[in-house]
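Subject: Model for your records

Hello,

Here is the model I promised to pass on. My notes follow below it.

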Amino acid sequence: MKKTAKPDQPLSLEEIAATRPAPGDVWELRLYTAGQSPRSMAAFANLKKICEEHLQGRYNIEIVDLIQHPQLAAGDQIVAIPTLVRKLPQPLRKIVGDLRDTEKALVGLQLRPAGSQEARN
Amino acid sequence: MGMPSMSTTHDKRETRSLPKAPTGIQGLDEITLGGFPRGRPTLICGSAGAGKSLLAMEFIVRGATQYNEPGVFMAFEETAEELTQNVRSLGFDLDQLVKEKKVILDFVRIERSEIDETGDYDLEGLFIRLGNAIDTIGARRVALDTIENLFSGLNNEGILRAELRRLFRWLKDKGVSAVITAERGEGALTRHGLEEYVSDCVLLLDHRVVDQVSTRRLRVVKYRGTAHGTNEYPFLIDETGFSVLPVTSLGLQHHVSNERISSGIPRLDAMLGGEGFYRGSTILISGTAGTGKTSISAAFVDAACRRGERSLYFSFEESPPQIVRNMRSIGMNLERWLDKGLLRFHSSRAMLNGLEMHLVTLHKLVEQFRPQVVVLDPVDSLIQAGNQRDAHIMLIRLIDFLKQRGITAFLTNLISGRESAESTDVAISSIVDTWIFMRDIELNAERNRALYVLKSRGTAHSNQLREFLLTEHGIDLLDVYVGPEGVLTGSSRLSQEARETAAALNRQQEAERIERERSRRQEAFEARIAAMRKEFELAETEAETSITEQTQRELALAADRQAMARSRKADSSNGSNISLKRQKAVKGVLTK
């Protein structure tokens, strides 16, 4: 039988502080792709759109093409393609798939929709 | 053109003798007739702790070390450090192999809690990792342990299945010999039905605990395109890794020797056609407790060592020093053979391990030590370690194994006094060549040992019971006394012998007495004859004397008469004639 995902541990105060990106916090994102496959292209397009909408000016996207750099796959434990890795802010998150579902992608990135975030700031 | 037809025949031959990638694991290559399918995936399934990972790892390590085939081990469960540590305890230095670029370890960890899925994906990342590893060292072998863990890390089963199917095809295209491990599922070989995708060769490992003794077993469920052993084979994981039994697919084609070897007991050799056992035969000594089974085994070993042969002694009841000490008490010095390295003991309690463990240990020691003679003392304690059927199968395999190597096997077997030996040991007896039976003979408040040869294939052998004596000078066999009172041994035999001696003495004395009587009678007879002769002679003498006297008297008378006649001047013609005759006769008697 398949294991169900472990419920997330309650976060400590520090962790909550960290996950809530402060203004000016830069998001480091890394997208693993395999060449110029349609799925990889779609993932990059979807990611670009989300970032522009919610993290304008506060993000870096690094694209790692595993076909060119296969040795980099082990570092982030990449199995599926495409995989998006949120390096910063901590903790590390991974989103597998072409990110076509924006809602799910936001949840995966633990990124609040831009409107609510700006309201609080 | 002749080319196409040639290539088809070539293809056919290719399929018939499927190329194999040897595992290098003792026994496994024999069962699979050469190893796993080369260039194709093999599925190893089994429950947790059955030894799947180890088998996969050994396939890689032995490939790299023994067959010069570099390998990639991709672990989905353990970390690289854990893996290295686990196999180091089995004598493999993974670090070194990794350093020498003969093995690549890749650890794939999928942390469910930090992964979300959205949209479409594939496992190209895994393909790239694996492909990169394979290309880096030119790997010929790949192990994926346990790839099913992907199912717990990723949600989309549809994608996973499609990708796994693609992966196995890709591995085939790459031409690597792959081993994929999978957890045993309920009612199916694997939990996620991987057997659907990997169907060239499927192995099932099993770890059972029966009667508190654990046994590991292996079965080749499927091996497309090749013959293979279909039984369940016991296997063992010990400090040198995996070993599977039997070592060979057993047959009855072993070489047969005509050489005869001594049993170490001259009288026993004499019972066996005068020359002892055949080399490479199997000898069973059955007997009740304390009948000297170990002693006779030791004598056999002693004789083998004297000939300069290596002997391996498996003892399941006594420790080596104990055997050495006990044998010293009957004048056998086994210590010197130990010192010379001709004799090796292996003692372990039969109950301590499962049958497999014993068998594998045995095989291993035989392979290492290469003895000409092997003793199992006693073989029935192995039966305690498993059930009777298992033990029987094991013994047959063991005997065939030893036979194939031309090793003379000497087994002892303890039987309980009440049972009839012939019925209890049918199982074993049918596979042994020489069966010697030892028993107690209880008589006149004492027990004595007796021995006889129940059967001995291919030799003229004595049908006689012999008394078996353990003396401080060694083992001796004596004729038992068979007389009107039955079979006598020990002091009964001695007293019977004494009685016989006494009787013989009596008879001799009687004869002497008769002889004396006879000679005495003869003497008496002769004495009587002598006496009678004397009497006769006496009478004769007397008679002659009287005749002489008579004659003289007559002569005197005649002389008187002549004188008277002369005096009377009578006519002398008649009278003088008579008297002359008379005178002559008297003279004849006297001169005689």
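In what order do the nine strands of the open sheet in chain B stand? The order is 17-16-18-19-15-20-21-22-23, and the pairing is mixed. Strands, like helices, are DSSP runs numbered from the N terminus (helices H or I with at least four residues, strands E with at least two), and two strands pair if DSSP finds at least two bridges between them. Strand 17 (343–347) and strand 23 (474–479) of chain B are at the edges with a single partner strand each, so one side of each has no neighbour in the sheet. On average, neighbouring strands of this sheet are turned by 20 degrees against each other, direction ignored; the axes behind such angles are lines fitted to C-alpha atoms, for helices over the stretch in contact, and angles run from 0 to 180 degrees between N-to-C directions. Within chain B, strand 20 (residues 434–443) and strand 21 (residues 446–456) run antiparallel and are joined by ten bridges. B:Ile441 stands opposite B:Asn448 of strand 21.

The model is predicted: local features need pLDDT of at least 70 and side-chain atom pairs 80 or more, while totals for chains, interfaces and linings use all residues. Residues are numbered from 1 along each chain as its sequence is written, with chains lettered from A and ligands numbered from 1 in the order in which they are written.

Chain B has an average pLDDT (the predictor's confidence in each residue, from 0 to 100) of 81, and 85% of its residues score at least 70. Residues 1–15 of chain B fall below 50 and have one contact beyond near neighbours in sequence (contact: C-beta atoms, placed from the backbone, within 7 Å). For the complex, the predictor gives an ipTM of 0.77 and a pTM of 0.64.

Helix 6 (residues 124–137) of chain B is mostly covered, with ten of its 14 residues buried. Buried takes 20 or more other C-beta atoms within 10 Å of a residue's own, exposed 12 or fewer, and partly exposed lies in between, with C-beta atoms placed from the backbone. The partners of these buried residues include strand 1 (27–33) of chain A and helix 8 (157–174) of chain B. B:Gly138 follows helix 6, with a positive phi near 65 degrees.

Some backbone points remain. Cis peptide bonds join A:Ile81 to A:Pro82, with omega about -5 degrees, and B:Asp377 to B:Pro378, with omega about -15 degrees. A:Leu99 is not a glycine but has a positive phi of about 60 degrees; A:Leu99 is buried.

Regards

Terms used
Two residues are in contact if their C-beta atoms, placed from the backbone, lie within 7 Å.
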